[in-house]
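Student: I have a new structure to look at. Can you walk me through it?

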Amino acid sequence: MSRTALRICPLCEATCGLVLTVDDGQVTGARGDRDDVFSKGFVCPKGAAFPEVDSDPDRLRTPLVRVDGELREATWEEAFDAVAAGLRGAVDRYGPHAVGVVLGNPNVHTMAGALYPPLLIGGLGTHSVFTASTVDQMPKHVSSGLLFGDANRIPVPDLDRTDHLLLIGANPLESNGSLCTAPDFPGRLKALKARGGTLTVVDPRRTRTARLADRHLAVRPGTDALLLAAIARTLFDEDLVDLGATAPHLQGVAELSDALADFTPEAVAGACDVDAATIRVLARELAAAPTAAVYARIGSCTVPHGTLASWLVDVLNALTGNLDRPGGALFPQAATDRTPRPAGPGHGFALGRWHSRVSRHPEAKGELPLSSLAEEIDTPTEDGTPVRAVVTVGANPVLSAPDGDRLDRALASLDFMVSVDPYLNETSRHAHVVLPPPPPAQSPHHDFAFNTLAVRNQVRYTRPAVPLEPGRMAETEILARIVLAATGMHGADPSAVDDLVIRQTLGKAVREEHSPVHGRDPKELAGLLTGDNGPERRLDLMLRLGPYGDGFGADPDGLTLEKLLAHPHGIDLGPLRPRLPQPLKTRSGKVELLPGPIAADLPRLRAALRARPDGLVLVGRRHLRSNNSWLHNVPALTGGSNRCTLHLHPDDADRLGVRDGQPVRVKGAGGEVTVPVEVTDAVRRGVVSLPHGWGHDRPGTRTRHASANPGVNVNQLLDGSLLDPLSGNAVLNGFPVEVAPVRAEEPESVTALT
């Protein structure tokens, strides 16, 4: 029997609404939901391939437990017994910091990943926390923390109302956007141009997004911060600074001008390979536009000055009066945000509250660099115990972190490892226990994180499109049980985890004077919560206490889970609106334009003015039908343009004596890979490009389609030593490589070499 069901797509940050066709309990089709309040019917190839993702035959269906060195199928009870013994044994033997928690990118796309990992980390009391953030967007978190006092308070471009968009190191026509949740990002950019707006793209590659732009600047990789600093310097020099309505909320404008004195367009032009006159035009156009927004993403984050580049993005928005202004860059207000507190000074944001054991990398946002995970496992020191047990949730750092070969060996040396993963992949193959979550159609969905980054305020929730298959366990229950196992409560009902969170949250809320439930009985409030299970009751709690909530009856028109369920296509909460100073949590209660750690890092940027790399440098790239290492096992999302090839400019190909399709050896500080060349002028001279997420050639995995066309692991070219010092983010773009053709007598392996 055929029916339809609604589902929010979990395969990228656009969070598009889908209408699924379900036949006999299996998803057989997917199309865009035209009635979705946010995506309005848009769907990309990943969303259209939802049925193939959902029904991938290589997805694990039962837990695996290592017995006599081999992973064998086990019952859920056997698996969690092993988890409890392994994790508690490690904590009791070595202490809490000897247990590492590794969270991958998929966590942010699931309800379970939002609700339970913080409880696991807090329950363990470990400082050994590593996530995909430090190979992606941590510089933006750090710059936002320093500017606004809250690492998760990130302004997003008001795409639907801006007149001018300066886009740096981002390719949303292929990625669908990132740290800017916007279904149909391509359509929004085309609408910007149709209403007479201007799109400028800064990228060393002529991407699909760059081809749409009014102006494309092929900047030298890694120099984004220099370019942005020169634009800011021009605003000061030409008296173009106009703070607008944000002026009362800004601190440090004069000090900022002095700090950027050396970064004139003439001074940075050589390093950026962008002439001074063009830089001045960029500044003048930005200042003259009725509204404008500067937006930068992964290409500007995964470079040596990633935090400075991220900081300067918001500095430019502030200096042009476009921060917190319609058509500029504004702070979204998610329905599950905490109850808004009165504006005023906060606790601020601190870096380096603790450090990694081996290289002494400072903590940022409670995390250590993913690049340091291998050394934290395999390097003994007198200062603390190495990591001896690891919990990975939706993570594949063997492919996503630098020097996967070293990490591969390190993971094999652990006393215990548990992986929550639907696949036996390059990382989870080392686990002693693998706990497979169900396919996405069998899981509920609400975007806790992405709604805080959305270009329009809205709220949506979808229950599972199909019921759990017999023998499956909900991911929320899997993670709740891990929390219990890790904290010495193995065997307790997993609902106890949700009940504890509800009691603690309500207990705090009734004591806060600005809370809508101040002075009320928390037990009575808990009894008012609705939902079929603990996660739904927690969602109801967050909605009721949130900025649009009913306050447990205080506002009859306010939001509750029941009201949201009555609107299956979502509830539109309106366009982004100015919110300063309420979101600020800095100690001054203002936007602190020149924070101390930023000022201390500027001499390093000044030194970069003299840099002139004379060899090839490598940048990554993204495909529309790919998302890191997730989707290479889905035939519908591989092939065509989604191939692992090295993009090489024709002039560089001629100089090296390389033909299109010929294998070349690419060498970096961490190793070598052999990969076919794709000769194209889409990359500027002196730059080569290799996509990330590939390298599915290690034994012991169960991803047949990916293994048949493995590609190479670009991160194997790195040894993990290149980091942005403020954020600990890995430098994955703009690093030097050597490229040479493979001789006829040499093997043409496409595996990583050490």
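**Helix H24 and its surroundings**

Tutor: The buried residues of H24 pack against helix H6 (138-148), H10, helix H11 (253-259) and H15. Buried means under 20% relative accessible area and exposed over 50%, with partly exposed in between (1.4 Å probe, protein chains only). Packing here rests on contact, that is, heavy atoms within 4.5 Å. Helices (H or I, at least four residues) and strands (E, at least two) are DSSP runs, numbered from the N terminus.

Student: What kind of model is this?

Tutor: This is a predicted model, where local features need pLDDT of at least 70, side-chain atom pairs count only at pLDDT 80 or more, and totals for chains, interfaces and linings use all residues. Residues are numbered from 1 along each chain as its sequence is written, and side-chain values use heavy atoms, with hydrogens and water left out.

Student: Which residues of H24 are buried?

Tutor: In H24, residues 596-607, they are Ile598, Asp601, Leu602 and Leu605. They sit on the same side of H24, because they cover an arc of only 140° around the axis, taken from the directions from the helix axis to the C-beta atoms.

Student: And which are exposed on the other side?

Tutor: Gly596 and Ala600.

Student: H10 came up. Is Leu235 buried or exposed?

Tutor: Leu235 is buried, at a relative accessible area of 0%. Its helix is H10, residues 224-237.

Student: What is Leu235 in contact with?

Tutor: Leaving aside neighbours within four places in sequence, the contacts of Leu235 are Leu240, Val241, Ala283, Ala287, Leu316, Leu319 and Thr320.

Student: New topic. Where is Ser178?

Tutor: Ser178 is in the loop between helix H7 (172-175) and helix H8 (185-194). Its relative accessibility is 12%, so Ser178 counts as buried.
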